[in-house]
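Hi,

Here is the structure I promised to pass on. My notes on it follow below.

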Amino acid sequence: MALRLIYALSVHRLTTGDIHAPMGATAEELRDRLCLFDPLIDEMGGDEPDKDLRTLVETILREIHKTVSGQFISYNADNRQYYLDLKKTDDFDALIDKRAESLDQSQLDRFYYEALKRLMECQDVTYVNGYKIWEHELVWRERKAARSGYLFFGAPNERSTAVPQRDFYLYFIQPNDPPRFKDDKANDEVFFRLKGVDEEFQTSLESYAAALDLATISSGYAKATYESKANGFLKKLVQWLQKHMVEVYEVTYQGRAKTMTEWAKGKSIRDLSGLLPHETINFRDLVNAIAGICLAPNFENQAPAYPNFSVLITGDNRAQAARDALRAIAGQNRAKQAIAVLDALELLDGEKIAPDKSKYAKFIIDAVKAKGHNQVVNRGEIIKDDHGLEYMNPGGSRLEPEWAVVLVAALVYSGDTVLSVAGKKFDATGLRQLAETSMDELIRFKHLERPKEWNLPALKALFELLGMTPGMAHLVTQGKEEPVQSLQQAVGKTVKRIVMTQQTLREGISFWGLDLLSGAGLDGKASGLDDAKSFFESLQPYSSPGKLKNFRYVVPEILAHENSLKTLDEIDALGEFIVAHSQAALWLSTAEEVLPDGHVWVARVKVTRQDVLDDLKRAELSELASLSQSVGVELQKLKRDFIVAYIGLHARARMGVKDDRRKDGLLNDQRLRILRDLAGIDLMPRQRLAGFQNRLAGLKSCFALTEQDLCVKPICPHCGFKPSVEAGEATGSPALDQMDTELDAMVEDWTSTILGNLGDPSTKANMELLKADDREPLETFIKSKELPAPLDNNFVHALKEALSGLVKVTVNPRELQRALQVTGGPASPAEMKKRFEEYIDRITKGNDPIKVRIVME
């Protein structure tokens, strides 16, 4: 497709009047006029294959432009056309080759360093202006710690320009025009010389140098082309050096020259570089690894007592690692990096921080102990200047200032020193604040000073205040951790007690309706709990012997909180009293509401409650234990007496098994069935029957109540009997007797009513109209004056037919009362008689008075 595009542009060039005119064809025109097709476009599955094909044409045109180094073909941005440009005929490759022939050796070295700069990942800005010198860092593999030095693209003649003095110097000597210099075989210098290069390398280097040199004197399109070609040559240079670095570099240390492979003999380059199995070592890592092998003895001589870290510490992560260690010393989370630092500095004894075991901390401890009373150890006595850099003990451990700060923090933790920085001091109680202070501020600390002597009297008073053995204070001064842990547990429990007590005071304490707080006089005593809470909370930071060495309280301040602890004990005793008796008191209060007010037991409860509450008001809280026993006996006696009384009332108010059967007999009694059958007759007073049935059905049976039921709640769980609510109503056997009698009376009354109505002349006329079979039972009833038992449907039907001419008028007692009520004062018999007659006339209006029968409902 590329050839077809070139042919098309060539033909188009011949069709223009001016062969130099910037005219040609767009990508769309080339696609459509050449009928271009590529099966891969269709396989892409895009929604717009025409646009995908246009994109392919544009891509091929750009590749053609790149292949010919930008010659012969141009693009007009105004009309988006590609065209052959017959004026673009420079042969850039030939020009580069020609320029390469005239380059001198120093120029080739300069451009070699450009390639080396990329391989060594050097920044554009150098450490010293005008010199190819950079700060560099190597890893001391034996100690897993970084060492700082310089990287030179040049010879040791320029060493004096790099200050301050560092741990090592790496030199890449010019391969083509090396300067004259003397190798002093210094133990901190390593030389890298490029030897044994082939024609491929030399050609790439010369072409790279020539292309960049031409780019500096060109502009526009030509400059861009030269730079593009230079990048290509540089890429080849880098790839060649990366591929052949092991055999083409000679490394010299203290006069001994070896290849990189020879220096690494017996060692794993992969392990030295920290590479993973799937990773490939690059040029920079290999140089660092070989330089580290050469310089390891020098690092050992410089700092023979330097710590051995279990994780890699570099210049970039040293401050963060020290910060993690400070947080761990302050009691926060111990990160892996923090543990590695503390372990390397010998500050750990198992899980404990124990600086007395560390030879590094001993250096500082000795300096502090060497001072007299009220004398301090200034920073300059711990941190020394070594050729412009600062170290602790430069001739021995040679620790960076960050590690010195960690050691000092551990000694602050143990109570062996106090750290002073600008405007503040840190003792064992301020470790959290110390850990939050910036590392720069800590490194610039002012001085160290000896801590205060042990405040033994105050410590004894504190242990005794919390109910602990005062002698434990002596163990604290010996550095024992166990007494401190016990102390902190007691402090934590006390703070929790105070918080819970304050919550109780806010919510109030009541017993049997009495506010015990005001009654016991605790309002004033509770006011000191806030101060006590603040005091005990301030003790929580004293979590180690070192921190207790800076204990700031005196004996009177400690003893001032004795009364608050007594208040806690008193309120606890009050709470125990309530827990012991509140359930019984609540039970009795409920029981009091169950019995009627006039019951003798209710009177006893009221008297007993008043006596108990009066005793609580008068008693000291220390006497509550003895009072609790007598109160408990009295409450239990009241409870037992209530159960006896309640069961007696329950037996009278509820039917037992025998009465329950009797109730069922009444519900199915033949007399009641007769009345129900007669209730279908309009003249019968049905409301009275309904009331009777409701009362009979409402009689309750309960024969499952036990004393154990009442021990839980003073109300029958089976029927909910409350004498205070049901008092005055007939229940049980008396009620059944009464209702049996009432049932007889109702039958008798209804019989009389029916007989009376059947004797009425109008009713007799109706009876004459009945069939003989229907009239006969009525006549028998009139003669016997007793209702047949049982009633049959024919009798009831005949009775309804006989009484059908009568009109029932119902009188409501309340309406009758309103009709007879006189609002203007007393009424005479005549007036009352008149009002009654007017009411009767009103309710019977429109009916034949002879046929009206009035029924009271």
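Which residues form a nonpolar patch on the surface, with about 300 Å² of accessible area together? They are Leu3, Ile6 and Tyr7. Areas are Shrake-Rupley values with a 1.4 Å probe, and only the protein chains shown count as cover for residues.

Before the rest, please note that this is a predicted model: local features need pLDDT of at least 70, side-chain atom pairs count only at pLDDT 80 or more, and totals for chains, interfaces and linings use all residues. Residues are numbered from 1 along each chain as its sequence is written, and side-chain values use heavy atoms, without hydrogens and water.

Tyr7 sits in helix 1 (residues 2–14); helices (H or I, at least four residues) and strands (E, at least two) are DSSP runs, numbered from the N terminus.

Strand 4 (residues 145–152) has seven of its eight residues buried (under 20% relative accessible area; exposed is over 50%, partly exposed in between). Strand 3 (residues 133–140) pairs with strand 4 in the antiparallel sense over eight bridges, where pairing needs at least two DSSP bridges. Glu135 stands opposite Tyr150. The two strands form a hairpin with four residues between them, and Lys144 in the turn has a positive phi of about 50°. With strand 5 (residues 169–172), strand 4 pairs in the parallel sense over three bridges; Leu151 has Leu170 as its bridge partner there.

Ile217 lies in the loop between helix 7 (199–216) and helix 8 (220–248) and is exposed, at 66% relative accessible area.

Best wishes

Note on methods: Patch = residues over 30% accessible without salt bridge, like charges linked within 9 Å, V, L, I, M, F, W, Y side chains within 5 Å. Salt bridge = Lys/Arg side-chain N within 4 Å of Asp/Glu carboxyl O. Buried < 20%, exposed > 50% of the residue type's maximum accessible area, 1.4 Å probe, protein only.
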